[in-house]
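This report describes one protein model for a reader who has not seen it before. Please look over the sequence and structure below.

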Amino acid sequence: MKYISTRGQTPALGFSDAVATGLAPDGGLYLPESLPDFSGDLVRFEKLGYAELCCEFLRVFATDIPAEELRVIIAQSYTRFEDPAVAPLRRLGKNLHVLELFHGPTLAFKDFALQLLGNLYERQCRVRGESINVLGATSGDTGAAAIYGLLGKPRTAIFILYPDGRVSPLQERQMACTGAENVFALAVDGTFDDAQNALKDVFGDLAFRAQHHLSAVNSINLARVLAQCVYYLYAWLRLPAAERGNVEFVVPTGNFGNVLAGWMLQKMGVPIRSFRVATNQNDILYRMFTTGEYRIGAVHPSLAPSMDIQVASNFERFIYFTVGRDPAKVREVMQTFKATGAYRFAHFNRDTFTASHCTDAEIPGIIQRVYREHDYIVDPHTACGFRELDPARVSVVLATASPAKFPDTIKAAIGLEPTHPSLEALKSRPVVKQRLKANPAVIKGFIVDHAV
Ligand SMILES: *Cc1c(COP(=O)(O)O)cnc(C)c1O
């Protein structure tokens with residue numbers, strides 16, 4: 001299987017190279033050149049456990065990795081999940097389920113992709129005899145999940161920048177209390193945007209980037225989207241047959257990576273009725289799917305911080321399909337959007353997407369209601385999914401984070417403070433972080449001293 005760029009101006013690559021490259025050189029995002037059809041495999045898939053199902057799915061895409069090696073990588077990637085089902089589906093009522101995606105090491109769904117990506121990076125280092133230095137900026141969950149994907153791996157180091165004092169204390173502890181020698185938590189002065197801009201400058205220095213084998217952690221990596229397809233398939237196979245064709249997956253959405261994965265799976269022959277794009281008050285995608293206009297907004301920090309985005313970085317992959325797989329048209333859309341901050345689609349086809357948005361003022365009330373009606377505690381991101389459900393469809397709400405990561409919001413809503421042993425354990429460990437200026441030269445200096 002080959003992977004092409006949404007902007008069509010760069011050669012197609014094999015799986016491992018597309019994963020290692022991340023963003024395509026023409027500024028586009030990698031996609032499979034054609035989508036396989038799994039409709040004839042679904043009965044056979046019913047009997048498989050999570051890791052086995054993941055193997056059957058990914059081997060169609062990762063055709064340049066020997067099957068046995070891929071099997072070992074996948075098995076390793078899902079051993080650190082604490083629930084035996086990995087992604088348990090729980091019924092809350094008639095026509096209502098939650099898919100719990102928070103049983104990985106950092107208690108958020110990003111572990112599904114980043115545990116796998118860490119192991120793919122490790123393999124790449126081994127095969128090429130090279131080291132790799134991974135670099136990213138985070139305002140929340142991604143940094144921790146990326147760190148736990150690479151924790152203690154040979155020939156790798158990971159540097160995560162975050163705005164000092166502006167991530168939650170628990171999120172900081174997840175990054176700064178690992179004790180691992182290859183992990184560097186860099187607390188920079190300024191905002192998330194300052195950290196991100198400094199990082200862009202570091203990556204913009206191509207000679208520096210090549211010399212230190214720098215690789216970016218971000219939400220657009222091809223492997224992340226493909227790894228995320230698997231839990232939709234797993235959940236669909238666990239639904240009663242009578243519910244499957246009427247299912248709407250409800251997805252708390254920021255950068256559109258999660259919900260895109262489900263939608264792509266549907267295009268691979270899995271009969272799913274629809275997908276709900278559930279945003280918080282940063283609702284560029286809600287507006288897109290209700291009006292056909294993609295217009296940039298300012299970021300308003302919210303109670304669901306991992307969905308606080310200005311533009312949705314994976315949305316370009318959907319644009320590619322919606323403009324009839326025409327890379328020239330994708331370039332036109334993205335250029336207009338970049339130049340003017342908006343693009344209006346003349347004949348926008350929302351396909352099977354529905355959309356909702358949820359303000360901060362609504363989140364505590366939703367947490368209360370779900371607790372009262374279902375005796376179930378949802379985190380503030382998942383709460384956005386529960387804002388409105390279509391009673392005529394079978395809703396599967398994706399629970400993207402554990403409520404224990406957001407004890408203050410939960411306590412304010414229902415008077416209970418959820419805890420988790422792994423987070424409690426972090427509280428007794430020392431915070432080891434480097435305070436740095438959000439300045440590219442300073443950050444490069446730190447990398448030179450600590451890179452592998
Ligand atoms: C990252 C994240 C999201 C948003 O996912 P996208 O793939 O960016 O749409 C939602 N909830 C939680 C808890 C997250 O960490």
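## Overall form

Of the contacts between residues at least 6 apart in sequence, what percentage join residues at least 24 apart? The figure is 74%, where a contact means heavy atoms within 4.5 Å. This is a predicted model, in which local features need pLDDT of at least 70, side-chain atom pairs count only at pLDDT 80 or more, and totals for chains, interfaces and linings use all residues. Residues are numbered from 1 along each chain as its sequence is written, and side-chain values use heavy atoms, with hydrogens and water left out.

A compact globule of 452 residues would have a radius of gyration near 22 Å, and the 21 Å of the protein agrees with this; the radius is taken over C-alpha atoms, and the globule rule is 2.2 Å times the number of residues to the power 0.38. Along the principal axes, the C-alpha atoms fill a box of roughly 60 × 50 × 50 Å.

## Burial

Buried residues make up 57% of the 452 (buried: under 20% relative accessible area, with a 1.4 Å probe and protein chains only).

## Aromatic pairs

The whole structure holds 38 aromatic pairs (ring centres of Phe, Tyr or Trp, the last by its six-membered ring, within 6.5 Å; planes under 30 degrees apart are stacked, over 60 edge-to-face, the rest tilted). One of them joins F184 and F446 edge-to-face, at 5.7 Å centre to centre and 75° between the planes. Because F184 lies in strand β7 and F446 in helix α20, the pair ties together parts 262 residues apart in sequence. Both residues, F184 and F446, are buried.

Key
Buried means under 20% relative accessible area, exposed over 50%, partly exposed in between (1.4 Å probe, protein chains only). Helices (H or I, at least four residues) and strands (E, at least two) are DSSP runs, numbered from the N terminus.
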